[in-house]
Amino acid sequence: MFRTALITGASAGIGRGLAERLAKKGTTVALVARRQDLLDEIKHGIEAQGGRAVSLAVDVSRPDDVVAAVERAARDLDGLDLVVANAGIAGAVHSRDITWAKVGPLLQLNVMGAIATLCAAIPDMVRRGRGHLCGVSSLAGIRGLPKTAPYSSSKAALSTFLESLYVDFHGTGIDVTDVRPGYIKTDLTANRPYEMPMLMELSDALDVIVAGLEAREPIVAFPKPLASALYASRLLPQRAYGSLVRRVVRR
Ligand SMILES: NC(=O)c1ccc[n+]([C@@H]2O[C@H](COP(=O)([O-])OP(=O)(O)OC[C@H]3O[C@@H](n4cnc5c(N)ncnc54)[C@H](OP(=O)(O)O)[C@@H]3O)[C@@H](O)[C@H]2O)c1
């Protein structure tokens, strides 16, 4: 059980679901996102069920703001046991249509914002000799997927950051978990014009994520068949991977 947790992107989807699940287990949750009205609604829902929550309206793509919010929550809640860098956006774009205007905001949130969230939590966890850092990355970060250069690369960066944290903090009392979901039914995947293999219900995905966090798993990659296929594809050289992906996409 976590005494306290801070979750970014807590106004919807995975972040909201995770906050509500943890609050039910007795965790005091700090809810971070931009939409204050939604955060307050979720906070009141948690309190109505006997839980505890605070809401912090922050644009996570502004690293200084998210650092200040994490530090404030750590002070107000007398330390954070768990920090989840979950806020993120996605978007399919063919590489011929890429512009910096399309790529910049995604990297600013998914990379800079997520890493700023984790960085802000580190000094206090190091001082206390305990804590749990988590990032919600994606299976899309395992290899460069088609029409996903900004998103795939943002998640690869976050996962690599988490992997180094895991190596450095091993045995120090600070746990690190990289959550790498496949497709989950949330606003992020709603009305997508393409096929999403093994699309999962949010509640099933939350079961997997909560179990992985409680077990202090370093990587929570799911659904397993999709994760295994993508990890196996890492063994393919670039040309073979490229022609396989082009064949799959053409189908
Ligand atoms: N759904 C999937 O299939 C899937 C698969 C793999 C990985 N993921 C990852 O899981 C994470 C959550 O995705 P989701 O599916 O739950 O998405 P979602 O339902 O669209 O929720 C996204 C959350 O992020 C917040 N957010 C967006 N921009 C923000 C900003 N600038 N500052 C602060 N908060 C911001 C949103 O709140 P506000 O709008 O109120 O700010 C919302 O709470 C993302 O990192 C995503 O890449 C999702």
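How many nonpolar, polar and charged residues does the shell around the ligand have?

## The ligand shell

By class, the shell holds 15 nonpolar, eleven polar and four charged residues. Here Ala, Val, Leu, Ile, Met, Phe, Trp, Tyr, Cys and Pro count as nonpolar, Asp, Glu, Lys and Arg as charged, and the others, Gly among them, as polar. Of the 30 residues around the ligand, the nearest are Gly9, Gly13, Arg34, Arg35 and Gly88; a residue is near if its C-beta atom, placed from the backbone, lies within 6 Å of the molecule. Helix H1 (residues 13–24) gives the largest share of the shell, with three residues.

A word on the model: it is predicted, so local features need pLDDT of at least 70 and side-chain atom pairs count only at pLDDT 80 or more, while totals for chains, interfaces and linings use all residues. Residues are numbered from 1 along each chain as its sequence is written.

Now to strand S5 (residues 131–136), where six of six residues are buried, meaning 20 or more other C-beta atoms lie within 10 Å of a residue's own, with C-beta atoms placed from the backbone. Gly131, Leu133 and Gly135 point one way, and His132, Cys134 and Val136 the other.

Strands pair if DSSP finds at least two bridges between them. S4 (residues 82–85) runs parallel to S5, joined by four bridges, and Val83 stands opposite Leu133. Six bridges join S5 to S6 (residues 174–181), also in parallel, with Val136 opposite Val179.

## Crossovers

S4, helix H4 (residues 100–128) and S5 form a right-handed β-α-β unit: with the strands pointing away from the viewer, the path from the first strand over the helix to the second runs clockwise. S5, helix H5 (residues 149–169) and S6 make a right-handed unit too. Helices (H or I, at least four residues) and strands (E, at least two) are DSSP runs, numbered from the N terminus.

Methods
Buried ≥ 20, exposed ≤ 12 C-beta atoms within 10 Å, placed from the backbone.
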